[in-house]
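User: I'm new to this one. Could you take me through how the sheets are put together and what packs against them?

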Amino acid sequence: MVSLIVRTSTDLPPDVRAAMAVARAQEPSGTQSAQALAIIAQNIDLAAADEGAICQDTGMPTFEVKAPVGANQIVMKRQIREAIADATRRGKLRSNSVDSITGENSGDNVGPGTPVVHFEQWEHDDEIEVKLILKGGGCENVNAQYSLPTELPNLGRADRSLEGVRRCILHAVWNAQGKGCAPGAIGVAIGGDRTSGYHAAKEQLFRTLDDVNPDGRLAQLEASIMGEVNRLGVGAMGFGGRVSLIGCKIAALNRLPASFFVSVAYNCWAFRRLGVVLDARTGDIKRWLYRDPAIPSVAMADQAGFARTGREVALRTPLTEAQVRSLKVGDIVLLSGRTYTGRDAVHHHLMSHDPPVDLRGAALYHCGPVVAREGNGWRVTAAGPTTSIREEPYQADVIRRYGVRAVIGKGGMGAKTLAALKDAGAVYLNAIGGAAQFYARTITRVEGVSLMEFGTPEAMWHLEIEDFPAIVTMDAHGHSLHAEVEQESARELTALGA
Ligand code: SF4
């Protein structure tokens with residue numbers, strides 16, 4: 001189980017790599033989407049080579065186990081939980097299991113409801129199949145469930161028909177924009193109830209991206225979605241581009257006559273799922289599913305480091321108002337100097353407490369890193385951006401009260417933050433979601449940590465960074481690339497619904 005977890009967290013399966021290579025080939029070089037995909041490709045290679053977490057959000061570990069009749073599920077569940085704790089101690093998983101009421105982190109990814117383990121019996125006496133998916137919070141938060149018939153913005157009515165289902169799927173992909181770290185893959189379930197629908201949608205993510213649905217009607221729908229969805233122009237990270245989706249897998253369940261749900265499970269490009277078949281008597285791995293670890297992974301990247309064009313703007317913190325006001329949407333920044341991490345707990349804390357450090361001129365990084373003890377200090381082993389929109393209720397106040405000049409994250413923020421950037425003179429810098437290994441290598445030192453009582457991912461880490469690349473997607477002049485891409489893609493969505 002530890003081998004399965006480590007491999008899943010650190011090495012993307014071949015079908016996902018192939019789909020990402022196709023996506024990369026479709027984006028014209030020099031575009032923001034192409035640059036994002038180039039960083040992602042490097043990140044995939046770095047993670048596999050160094051056995052580091054592909055993304056710092058190692059997600060909700062979800063196991064699907066098929067076991068012979070009579071196999072002891074209590075023992076298997078205990079062993080899975082022990083393996084999860086072990087992989088967390090080794091730094092292959094971030095401690096991600098949080099008490100929903102107190103916010104306390106269990107520290108080992110084990111707690112009520114974590115990990116998720118589903119058992120099913122099968123009629124093979126001598127084998128146990130275990131499949132694992134690690135699906136992070138950013139993409140989980142853009143899952144969607146529709147109850148048909150319904151009215152959809154830009155698409156009109158979605159009836160209880162395959163055409164209605166098609167509209168729901170298009171809407172879900174459009175609505176996710178870059179927040180789920182596009183380009184993503186979606187699992188869809190038609191029917192069931194609200195619970196079984198989401199479960200079946202997530203199960204579809206265990207299909208390989210290149211398979212063909214055995215149900216001809218659903219195969220046709222999957223193909224037609226893939227044929228038209230990329231016209232939306234959401235692109236990698238929502239920067240605008242030709243590829244918004246790398247896979248669409250659909251299942252149908254029976255339903256109650258009164259209900260017609262369409263459930264969509266969105267998975268980011270960091271599509272981490274693997275499986276093993278075990279000898280039921282010894283527990284040894286007999287074979288791997290999705291990949292053969294004996295065959296080396298094909299390298300994704302064709303460049304090392306960030307490919308400079310000469311147009312990048314090099315900045316060092318603390319930033320001045322004049323520096324950030326000179327930036328505009330589309331500029332690529334290489335940021336150096338002291339940066340502080342802050343996500344949900346820190347932002348909430350700053351509403352009623354002074355910051356533990358002087359934030360004037362600072363860059364605040366929406367990031368929950370994976371951090372390992374090294375001697376008396378710390379080393380960041382994975383540090384990509386987290387979804388920024390969660391901080392929308394707080395961000396404007398934090399900028400205005402404490403003089404923050406740059407907010408770094410992914411997926412963009414809303415109108416309230418955009419107004420604060422303009423008034424106070426600050427920018428939003430979009431880093432490449434999921435590129436945890438790439439960005440960890442831009443961190444030269446961990447200078448300290450505050451608010452450690454919130455747990456490792458939520459604490460405020462004081463990081464020294466060097467040439468951290470990010471794109472200005474919201475500037476101090478009231479412009480937002482996210483708003484522009486959303487509007488343009490809404491026009492395409494309307495055309496697809498016509
Ligand atoms: S790639 Fe993005 S959505 Fe996926 S787990 Fe990482 S941060 Fe979350």
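**The sheets, strand by strand**

Analyst: Let's start with an open sheet of 4 strands, ordered E4-E9-E7-E8, with mixed pairing. Here two strands count as paired if DSSP finds at least two bridges between them, and the elements themselves are DSSP runs numbered from the N terminus: helices (H or I) of at least four residues and strands (E) of at least two. At the edges stand strand E4 (144-147) and strand E8 (245-252); each has a single partner strand, so one side of each has no neighbour in the sheet. From one strand to the next, the twist averages 15°.

A quick word on what you're looking at: this is a predicted model, where local features need pLDDT of at least 70 and side-chain atom pairs count only at pLDDT 80 or more, while totals for chains, interfaces and linings use all residues. Residues are numbered from 1 along each chain as its sequence is written, and side-chain values use heavy atoms, with hydrogens and water left out.

Back to E4: this strand runs antiparallel to strand E9 (residues 261-267), and 4 bridges join the two. Look for tyrosine 146, which sits opposite valine 262 in E9. H8 packs on this sheet, where it touches strand E7 (184-190) and E8, and its direction makes about 155° with that of E8. Contact here means heavy atoms within 4.5 Å; axes are lines fitted to C-alpha atoms, for helices over the stretch in contact, and angles run from 0 to 180 degrees between N-to-C directions.

H8 has a helix partner too. Helix H6 (residues 162-176) packs with helix H8 (residues 216-228) at an angle of about 40°, their axes being 11 Å apart. On the H6 side, Leu162, Val165, Arg166, Ile169 and Leu170 meet Arg217, Leu221, Ile225 and Glu228 in H8. Sorted by type, the residues of that contact are 6 nonpolar, no polar and 3 charged.

Strand E1 (residues 60-68) is joined to E2 by 7 bridges, and the two run parallel; alanine 67 stands opposite glutamine 121 in E2. E1 is also joined by 7 bridges to E3, this time antiparallel, with lysine 66 opposite glutamate 129 in E3. E3 then pairs with strand E10 (residues 272-279) in the antiparallel sense over 8 bridges, and arginine 272 in E10 is the bridge partner of leucine 134.

Key. Ala, Val, Leu, Ile, Met, Phe, Trp, Tyr, Cys and Pro count as nonpolar, Asp, Glu, Lys and Arg as charged, and the others, Gly among them, as polar.
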